[in-house]
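Morning, everyone. I have one structure to take you through, and I'll keep it quick.

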Amino acid sequence: MPDVRDVVILGSGPAGLTAAIYTARANLAPLVVEGEPSSTSDQPGGQLMLTTEVENYPGFVDGILGPELMQRFRDQASRFGAEYVTRKASAVDLSRRPFPVWVDDPATTDPAVEARSLIVATGARSLMLGVPGEEKLLGHGVSTCATCDGFFFRDQEIVVVGGGDSALEEAIFLTRFASRVTVVHRRKELRASKIMQDRAFANDKIAFRWDSVVTEILGDTKVSGARIRNVLSGEVEDVAVSGIFVAIGHQPNTALFSGQLDMDDNGYLRTSAGSRSSVEGVFVCGDVQDHVYQQAITAAGSGCMAAIDAERWLEAQGR
């Protein structure tokens, strides 16, 4: 018979581990299915495991390494009794209770655990370019978050890749620090809204490389440049920059819940009345439901909300 838990948490980024801290302190003995170390999109600790210095998380005056911050979250939850499965959830069934959760092929095995309540904190992954040098230098000059990392590029030249609102928001924000920001876009026209385009065009720190793509990110231990190809002429140029911000979108990790939970048009899970999903007893927190802020501190706050909501729901069920 599978193990039956009051609370199972899917995901172990700031949202999932904060939910683990709160539910563990409430004596709910949460089980965290934290992901696989080999998976860049669903690894234990979430996206902060790919970050070097974190300077905007409250309480750390001198900053802290992303992996160290996540380890502290994990240790704190463990102190109160949270347990972990260091594997990736492969399937859930929200049509029956308790909710079965599989961590292996669901066609050939029994569920690893059943959950009276489920907290979904599976996060979202940044869409990447998939070019040489990108993975190696992620966190060493390659970033997907200007708010997180812009401060490190004061008085330096950087590239932003993308042409939507997010890319221009990143570029405009980065002009607070960088000496010059070059937006590289594969077309001649931007996809961003007119107001964002007007703001970017009016900013004398922002330049544009039209009809262009980044084909390689240069550097050994940190970014030293970008290889940029014009898609019309085929001309290739190496441009010296110390930072490359990829802003081509995010993909929420919601495949497990397709056809089971309500999602918006972009695949983010919908919540109401706090962290409640469209299925009673399932609560959602972090970037898997937040396409606006996507910060560690907001994810942690929503993890707290989900934990409190789950605790109160279980109490109402007589648990």
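I'll start with the overall build, then turn to a few arginines.

This is a predicted model, where local features need pLDDT of at least 70, side-chain atom pairs count only at pLDDT 80 or more, and totals for chains, interfaces and linings use all residues. Residues are numbered from 1 along each chain as its sequence is written, and side-chain values use heavy atoms, with hydrogens and water left out.

Overall build. The protein has six helices and 19 strands. These are DSSP runs, numbered from the N terminus: helices are H or I, at least four residues, and strands are E, at least two. The radius of gyration is 21 Å, close to the 20 Å from the globule rule for 319 residues, so the protein is as compact as a globular protein of that length. That radius is taken over C-alpha atoms, and the rule is 2.2 Å times the number of residues to the power 0.38. The C-alpha atoms fill a box of roughly 65 × 40 × 35 Å along the principal axes.

Burial next. Of the 319 residues, 50% count as buried. Buried means under 20% relative accessible area, exposed over 50%, partly exposed in between (1.4 Å probe, protein chains only).

Now the arginines. Arginine 5 sits in strand β1, residues 3-10. Its relative accessible area is 13%, so arginine 5 is buried. From arginine 5 to isoleucine 217 is 212 residues in sequence and 46 Å in space, C-alpha to C-alpha.

Arginine 186 is in the loop between β12 (180-184) and α5 (194-201).
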